[in-house]
Amino acid sequence: MTQDGWRWVAWSDKAVLDERGDVVSIVAVGRDITAQRAMEERLRQSEKLQAIGQLAGGVAHDFNNQLTGILSAGELLAQALERDPDLRELAEMIVTAAEHSTRLTRQLLAFARKGTLQTVPVDMHGTVQDVMALLRRSIDKRIVIRHDLAARPSTTLGDSAQLHNALLNLALNARDAMPEGGELTFSSRVAALSREHIEASRLDVAPGRYLALDVADTGSGMSEETKAHLFEPFFTTKDVGKGSGLGLAAVYGTIKNHRGGVEVASEPGRGSTFTLYLPLVETASRQEDSELVPAVEAHRRILVVDDERVVRDVLRRLLEKAGHQVLVADGGNEALELYRKNHHHLDLVIVDVMMPDMDGRDVLALMREVNPAVRAVLSSGYSVDGEGAQTTDGVRLLQKPYTLEEVTRVVAESLATPVRHAVP
């Protein structure tokens, strides 16, 4: 049975005639097609969101290349204008606008499931507590925040920052649905999702044990029409200037990227409940010990490989600002030629992942044929196949767009990391 109690039935009928051709009876056969309709609807929704995700991810990736030039050049310009406060303020405005655009592209990449994803144990109860503490300092005091965190265990594998942002996005949407105040409740439980439950809902997950995390509000609620478009990028019911329409799309992409699913229950005037299903892990969560980035001496020799001229130029300037010597190549073939000639004198290679002539990982594999001990960083507007900030062979990821601080940190960490002789 569907969630609203209705069933879909396909009917066929046939008239039975007598010798004179008059209808004496009608034979009708009904077939329950509720499950078939639900499966077809899930497939249509999945294909639509996948197509939108591909478009959104492609736009975000290309835009990130341009933002790399804008953000980094603006930062360098601001530093160069320290003695001219008026011009420095204009440069800082450029940096601020680029940072805002960066957040938008990362939301698009989260929806498209192409953002960087670390994989560490995350205690979602701790994440909820962090979000609640932030909300209590910032939202309308007429909104009462409650919690009922009953799940044991409450740990999933994933990216703590992305999961935190997903919960915060849901909470801020709940806030906007309660302009006169109300209740916002976070609750958790362990859910055993059966194949029957999955087939009856729009979830696209494997059967098993999940952490079910509810974010419920007593706000205005939503119509069926609104719910049908809820996770599409740029869809919003808010007034112009009140929202980008990317928050819930980013939530959807983040949870899908964590092999989970999202359910929504809502009626006009009766509030909304978003349920996040995240795969459970039995291991206890752990917090990474904070470590200082190791100091790296200047004057290291670094090869930068990127097909975008603005990205090559600005990364070269950032590295030279940090005191390094830089060679540049506009693609894989030129990079390999330079590396074969200069590998004895190079300390690090920074390679763009997506280039027209050769994939960055293929470039790195060929460089390892020349020198198995090559140190490298992969740079991309996407993540590396959705992997984390460090791939399995110790190669780190530099996410576009980046700042001088981020470049300095990743270079330092890469030069301090032991080299593993594995082909990516």
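**A close look at helix α3**

Modeller: Happy to! Let's begin at the start of α3, where a side-chain oxygen of D123 comes to within 3.1 Å of the backbone nitrogen of H125. Please keep in mind that this is a predicted model. The helix itself runs over residues 124–138, 15 residues in total. From its first C-alpha to its last, α3 reaches 21 Å, close to the 21 Å expected at 1.5 Å a residue.

The buried residues in α3 are M124, H125, T127, V128, V131, M132 and L135. They lie on the same side of α3, because the arc they cover around the axis is only 155°.

M124 deserves a visit of its own. Leaving out residues up to four places away in sequence, M124 touches S154, T156, L163, L167, L211, L213 and L278. In the largest nonpolar core, which has 37 residues, M124 is among those that touch the most other members, together with L135, L167, L184, F186, F274 and L276. At least two residues of this core come from each of β3 (120–123), α3, β4 (143–149), α4 (160–176), β6 (182–193), β7 (208–217), α7 (247–257) and β9 (272–279). With seven residues, α4 supplies the largest share of this core. Another core, of 19 residues, lies apart from it, and includes Y339, V353, M355 and V395. As a general point, nonpolar side chains in soluble globular proteins tend to be buried together.

A151 and M124 are 27 residues apart in sequence, while their C-alpha atoms are 9.7 Å apart in space. A151 has a relative accessible area of 1%, so it counts as buried. Setting aside its neighbours within four places in sequence, A151 is in contact with H125, S188, R189, V190 and L211.

The peptide bond from R152 to P153 is cis, with omega near 0°. Elsewhere, the bond from K400 to P401 is cis too, with omega near -10°, and P401 sits in the loop between β14 (396–399) and α11 (404–416). For backbone geometry of another kind, look at R259, which has a positive phi of about 60° although it is not a glycine. R259 is in the loop between α7 and β8 (261–266), and it counts as exposed because its relative accessibility is 57%. For background, most residues other than glycine have a negative phi, and most peptide bonds are trans.

Finally, let's step back to the whole chain. The protein chain has eleven helices and 14 strands. Of its 424 residues, 46% are buried. Among contacts with a separation of 6 or more, 72% are between residues 24 or more positions apart. The chain exposes about 22500 Å², and carbon and sulfur atoms supply 51% of that area.

Methods:
Residues numbered from 1 in each chain as written. Predicted model: local features only at pLDDT ≥ 70, side-chain atom pairs only at ≥ 80, totals over all residues. Heavy atoms only, no water. Helix = DSSP H or I, 4+ residues; strand = E, 2+ residues; numbered from the N terminus. Expected span 1.5 Å × (residues − 1). Buried < 20%, exposed > 50% of the residue type's maximum accessible area, 1.4 Å probe, protein only. Arc of directions from axis to C-beta. Polar contact = N/O pair within 3.5 Å; in protein donor to acceptor, adjacent residues only side chain to side chain. Contact = heavy atoms within 4.5 Å. Areas by Shrake-Rupley, 256 points an atom, 1.4 Å probe, with all protein chains shown as cover. Core = buried A, V, L, I, M, F, W, Y, C linked by side-chain atoms within 4.5 Å.
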